[in-house]
Every structure is written in structure tokens, then in C-alpha cells.
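Here are a few notes to go with the model, jotted down as I looked through it. Have the structure open while you read.

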Amino acid sequence: MNTTTVKAFGTPAAEAQLDQMGINRREVTPHDVEIDILYCGVCHSDLHTARNEWHFTMYPCVPGHEIVGRVVKVGGHVSKFKVGDLVGVGCMVDSCRECEYCKEDLEQFCEKGNIQTYNGPDKHLGTQTFGGYSEKVVVDEHFVLRIPDNLDAAAAARYSAPVSPLTPRFAIGMLAPVRK
Amino acid sequence: MGIKIAKAMGAHVVAFTTSESKFAEAKRLGADEVVMSKDESQMAAFHGKLHFILDCVSAQHDINAYLNLLRVDGSLALVGAPEHPLPVAAFSVIMGRKSFAGSMIGGIAETQEMLDFCGKHNIVSDIEMIDIRQINEAYERLLKSDVKYRFVIDMASLKQ
């Protein structure tokens with residue numbers, strides 16, 4: 001698979017500081033969107049992972065799962081996005097799409113495990129996935145989010161991802177009794 | 001974000017804090033009322049009054065004191081991750097048919113719905129923008145909770 005080397009910020013080891021490095025991004029496949037990253041939020045998970053505090057970090061590690069950027073290239077079968085769109089990427093970049101949970105739009109509970117935006121197994125390149133502390137990212141369009149045009153892109157970065165712990169269904173559920 | 005979103009959804013929002021210094025801040029974010037959680041009389045005023053509690057606390061805390069604030073059929077959803085188990089008294093949930101639940105990230109459709117909701121209501125987070133070369137310093141500040149409320153890296157700084 002063809003790849004391009006892009007600038008990133010990451011760490012080679014738990015004890016090391018984050019510094020500039022090069023990482024590979026794949027060429028877009030038919031369902032992929034290539035995103036020029038404008039902003040990336042900093043989550044405490046980034047720190048836990050960079051420092052191997054959860055004991056499963058694969059190095060080198062490039063954190064970042066609160067990504068906002070512009071679409072710069074789309075694969076031949078992409079239907080949700082076009083070049084120039086303001087988009088976000090959160091904690092996940094893939095899942096099996098076949099299990100009961102994936103079919104119910106609950107990819108986060110994929111029976112085979114969702115593929116995390118960083119420190120997950122990258123099925124395309126065979127390495128670990130690298131996150132948003134980088135110039136670009138290539139993601140299947142299913143896992144790309146639209147950022148409403150009226151929102152401040154930088155402020156949106158914070159919640160394009162874990163998207164605040166308050167998921168919408170949850171928030172709606174919480175108010176259901178009030179509406180009765 | 002929880003306060004802002006709940007307010008936009010039309011809820012009467014009550015914020016709980018252990019620190020008086022956060023009172024004004026909670027109000028600024030949209031809370032209708034703010035309660036000092038260490039003050040038993042302030043807590044007692046809300047016994048049996050709340051439909052839902054979003055528990056974002058990642059440290060040890062008395063979960064029963066909060067379950068007691070729920071109405072019948074109310075639920076408390078934990079999204080924080082305290083290191084040690086939280087003891088739940090049976091009577092905190094059986095009296096009043098209450099639920100103690102948890103949640104983490106949403107699926108893609110839910111996440112898009114949340115972003116669209118925030119777009120419609122013009123809700124954004126409060127952030128502090130940093131250069132990528134400040135990331136190590138930002139991690140140290142994160143450990144001291146010295147950020148309101150999120151660091152965001154301006155990735156143009158990586159291209160320089």
C-alpha cells in the first residue's frame with residue numbers, strides 16, 4: 001500500500017518527552033477521507049497512553065483523538081464528504097461493521113473491539129494507529145463526523161472525540177422524564 | 001459541557017461542587033443552582049428531587065449521598081473513573097427504584113447527533129490554544145488541573 005510520510009508529534013518511549021517525528025499515512029482507499037488537521041484537543045487519555053500508564057502502549061506513540069480538520073482528498077466511493085468540508089475524528093477509526101452492536105450504530109461496543117484512533121491495530125499498514133498530533137490523517141468516511149459550520153473549529157476539537165462523556169442518547173434519555 | 005448541553009436541552013440544572021471557588025464558574029456555564037456537596041444541609045434540600053445525575057467525578061466520593069437526591073425511577077450515570085470501587089448501599093437504589101449506570105463514548109451516529117445539537121444551539125467548549133511545542137508543558141499542567149477546560153493544539157504550529 002502506498003503511503004506518505006507526514007510530520008507528527010509523539011514519543012518513542014514512556015519516559016521520553018513528546019517530540020517531532022515522521023509517520024506514514026496511507027493513500028486514500030475507495031471509502032477513505034484524507035484530512036488536513038487544523039486542531040487537536042488534548043485528552044488525559046493522551047497522557048496516560050504516551051506514558052504507558054495503562055500498560056498497553058505500542059511505541060512510537062502519537063496521541064490525539066479530538067481531531068478537527070478539512071477534507072483534502074476523498075476516495076472514489078465516498079458519499080458523505082467532499083473536499084473542503086470541515087470534519088472531525090474522535091476516539092474510533094474503525095470497527096467490524098458486522099456485529100450486533102455495529103449494526104445498531106454502537107461501534108464503540110463492537111464485539112471485535114473498535115479500532116482506536118491511536119495505539120490501536122491499523123489493519124491497512126500493520127502498525128499501530130497514530131493520532132491527531134500530526135499534519136494529516138486518513139480515515140474511513142463512516143468514522144468521520146461533520147462539524148457544523150457555525151461552530152468555532154478549535155473549540156469543536158474538544159468534543160469531536162470522546163465528545164464529552166455526555167452522548168446524545170444519554171442526554172436525551174436523561175430529559176425524557178422531564179418531557180412527560 | 002454537561003452543564004451547557006443539559007441547559008440547552010431545557011433542563012433545570014443543579015451543579016455540585018466541593019469547592020466554593022467554582023460557584024460563579026458553574027453559574028457562568030449555565031447552572032441554575034449550585035450546591036456545596038460537603039454541606040449536608042445544602043444536599044438535604046435536594047433529597048428526592050432530581051431526575052438524573054451526571055457523575056463526572058474521577059476521585060473517591062460518597063455515591064449514596066447522590067443516589068439519595070434522585071426521584072423515584074431516577075438514574076445516576078457515572079462517566080468518571082475512580083481508581084477504587086464505590087460502595088453502593090442497597091437501600092440507595094431499592095427505595096425508589098433507582099438506577100446506578102455508567103457510560104463512556106458514543107457511537108458515530110450519536111456523536112454526529114450531539115455535534116448537530118451543539119451546532120443548532122451554538123454550544124462550544126472553553127479552550128486554551130497551544131502550540132504543538134508546548135505539549136509537554138501542557139501535560140504537566142493537565143496533571144495539576146491547571147486548564148479551563150481543554151487544551152487544543154493549533155496544528156498550524158507543526159508546519160512551521
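Two residues are in contact here when they have heavy atoms within 4.5 Å. Keep in mind that this is a predicted model.

1. Contacts in chain B. Take the pairs in chain B that sit at least 6 apart in sequence: 42% of those contacts join residues at least 24 apart.

2. Make-up and extent. Chain B has eight helices and seven strands. Its C-alpha trace spans about 60 × 35 × 30 Å along the principal axes.

3. How much of chain B is buried? Of its 160 residues, 44% are.

4. Charges. If you count up the charged side chains of chain B, you get 17 positive and 20 negative. The centres of those two sets lie 3 Å apart.

5. The second largest pocket. This one holds about 310 Å³ of space. Its lining runs to 24 residues, and the closest to the pocket centre are A:Arg26, A:Val93, A:Asp122, A:His124 and A:Val138.

6. Which strand gives the most to the lining of the second largest pocket? That's β8(A), with four residues. In chain A, β2 (19-26), β6 (92-94) and β8 (136-140) each supply at least two residues of the lining.

Methods: Residues are numbered from 1 along each chain as its sequence is written. Chains are lettered from A and ligands numbered from 1 in the order in which they are written. This is a predicted model: local features need pLDDT of at least 70, side-chain atom pairs count only at pLDDT 80 or more; totals for chains, interfaces and linings use all residues. Side-chain values use heavy atoms; hydrogens and water are left out. Buried means under 20% relative accessible area, exposed over 50%, partly exposed in between (1.4 Å probe, protein chains only). Lys and Arg count as positive and Asp and Glu as negative; His and the chain ends are not counted. The place of a charge is taken as NZ of Lys, CZ of Arg, CG of Asp or CD of Glu. On a 1 Å grid over the protein atoms alone, a cavity is a set of points where a 1.4 Å probe fits but cannot get out, and a pocket is an open set with protein on both sides within 12 Å along at least five of seven lines; lining residues have an atom within 4 Å of a point. Grid points are joined across faces, edges and corners, and a volume is the space filled by probe spheres set on the points.
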